[in-house]
Amino acid sequence: MAKIFIGGAWPYANGSLHLGRLASVLPGDVLARYFRAKGDDVLYVSGSDCHGTPVAVQAMQEGVSPGDIADRFHQEFVECFNRLGFTYDLYTRTDQEFHHRVVQDLFLRLLENEHLYKKTILQTYCETDQRFLPDRYVEGNCPVCGNRARGDQCDFCSTLLDPADLSEKTCKICGNPPIERPTEHYYLALSQFQAELSQYAERAQGWKENAIHLTQRYLNEGLQDRAATRDLTWGVEVPVEGFDEKKIYVWVEAVSGYLSASKQWAVQTGGSWESFWSDEEKNLTAYYVHGKDNIPFHTLIWPALLLGVGGLHLPDRIISCEYMTLEGEKFSTSRNWAVWVPDILKRYQPDSIRYFLIANGPEKRDTDFSWREFIYSHNGELLGAFGNLVNRTLAFIDKSFGGRVPSGELSEEWKRATENIYRDAGTLIEEGRLKEAIELIFTYVRQVNKYFDEQKPWVQIKENREACGLTLYSCVQIIANLANLLEPFIPFSCEKIRTFLTLERSSWQLIFVPADLQIQKLELLFERIDVSRIEEELSLLEKQKM
């Protein structure tokens, strides 16, 4: 039994999730469901990033405390992930005392191992607001590409930045130009890990192309030491005397959540967090699932922190998606140009959302969410191909065989084809090639539909009842196996099929339904969505835009 660790990116608890963010974390649940079906030992964790500057900015705008904002959106995230069928072993939050203690312990171990040092720097200070500005409170022109960027990272060219790098700086709070004042901070000696991280990146396997290229770019440019503390009022306290007014920088603290969540899971369940983190565990694979903008934090920063502590397992597979646009434009929370997850869940099935984001998501390249494609995807693939196969097969048995599976035997050809799908789709999933995996399975669905049409059971039932029974028996066996194969992707529909056929929990191997089994509680898997909804949704989208 293999050990599989899956770390899903931690969304900022400053606003609702939109589909672009959901697309970046959904692969984690597909992986977790697949490996559990295989019988592997899985630990899948994530949580809400409650200390990020976006949370503090939102709180300031609303005139409430950051904790109030974090509470509101953390609860909303939990509800959305539950409704979407996410199977986290633990979904937690960073503003808990347990997380604080783990992060502080990691900080002290880095200090003990001489990977942190003090340095007095000039930090951006706003005289209007009378405060040092967190990096995300500073905006200016990127020195690399010239676009407007935040003080920590440029969204256009992905360069990691410091506010001092920006020109024409402004304070995000008041809009006035800030000044610089001296302040003392701890710095992570990231440059100490240049050689070790270069070797790590060279032997990395199972990374997305964007992760490989972006990581190599940073290494070629030379790793720069980064501040590990900041003058903040909201966050994890620095456990060192004389630093009472400072906090551990969120880029150190947030990625440490993977470790703190694992330890918290162990305390709550009695499980062994060490078995998912020890670098001596030979049968362990660690997946990290996130968006393109988080690549350097997972391929360089987090590995450096783990190396600095020592004895902990580094990321193996980096599942980093590209960007998703909306109707041809970039998602924009400030302009309210977004499809919000709580909103779309009110009107559409979770499986429809999950299917579209995997089959049409930004796995290897930027992709676009359009309402036209979403609704045609549901009607064409989910309803027209998969739902049609299930419903017409089982409805025919219900009508012509009293709802009992007729006797028969699955041909060797179908057995081999089905076993090949398990093998090939499983390989693709393990490599993070989920789009190809679901395409492969749906090609198989179309082949089975073609078989049904060619056999013409509606004619066979009149001319040769035994041949009709064999056709339907074969289709039932394939449908049962499709409930396994598609469960990682569209679990709610597959759970319905397991109810219809009285199947046990999903597994990743060929299964058979016994003849004479009574079909239970048959209902449609999917309803057709009227295409008039396309214009309705587009109209709503335009009306909400600010």
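Start by colouring the chain of this predicted model by its domain assignment: domain 1 takes in 3-113 + 249-321, and domain 2 covers 384-518. Where they touch, 15 residues from domain 1 and 15 residues from domain 2 take part.

**Stop 1: the interface**

Next, show a surface for each domain. The size of an interface is often given as the accessible area lost when the parts come together. Here domain 1 and domain 2 bury about 1200 Å² between them, with 64% of that on carbon and sulfur atoms. Which residues of domain 1 lose the most area to domain 2? Select Val30, Arg33 and Tyr34: together they make up 46% of what the domain 1 side buries.

**Stop 2**

For a salt bridge to look at, pick Arg33 and Glu487, whose side chains meet at 2.5 Å, N to O.

To see what carries the domain 1 side, go to cartoon view. Helix H1 (19-38) and strand S14 (317-321) each give at least two residues to the side that touches domain 2. H1 brings the largest share, 9 residues.

**Stop 3**

Move on and select Cys142, Cys145, Cys154 and Cys157, which an unreviewed UniProt entry annotates as "binding site". They are spread over 16 residues of sequence, yet they cluster in space, with a largest C-alpha distance of 8.8 Å.

Zoom in on Cys142, in the loop between strand S6 (138-141) and strand S7 (148-150). Is Cys142 buried or exposed? Its relative accessibility is 4%, so Cys142 counts as buried, the cut-off being under 20%. Beyond residues up to four places away in sequence, Cys142 touches Asn147, Ala149, Cys154, Cys157, Leu161 and Leu166.

Finish at Cys154, in the loop between S7 and strand S8 (167-171). Cys154 is buried too, with a relative accessible area of 1%. Leaving out neighbours within four places in sequence, Cys154 is in contact with Cys142, Cys145, Ala149, Thr159 and Leu161.

How values were computed: Residues numbered from 1 in each chain as written. Predicted model: local features only at pLDDT ≥ 70, side-chain atom pairs only at ≥ 80, totals over all residues. Heavy atoms only, no water. UniProt positions renumbered as here; feature names shortened; annotations may be inferred. Helix = DSSP H or I, 4+ residues; strand = E, 2+ residues; numbered from the N terminus. Buried < 20%, exposed > 50% of the residue type's maximum accessible area, 1.4 Å probe, protein only. Contact = heavy atoms within 4.5 Å. Domains from an automatic or database assignment. Buried area = accessible area lost by both parts, 1.4 Å probe. Salt bridge = Lys/Arg side-chain N within 4 Å of Asp/Glu carboxyl O.
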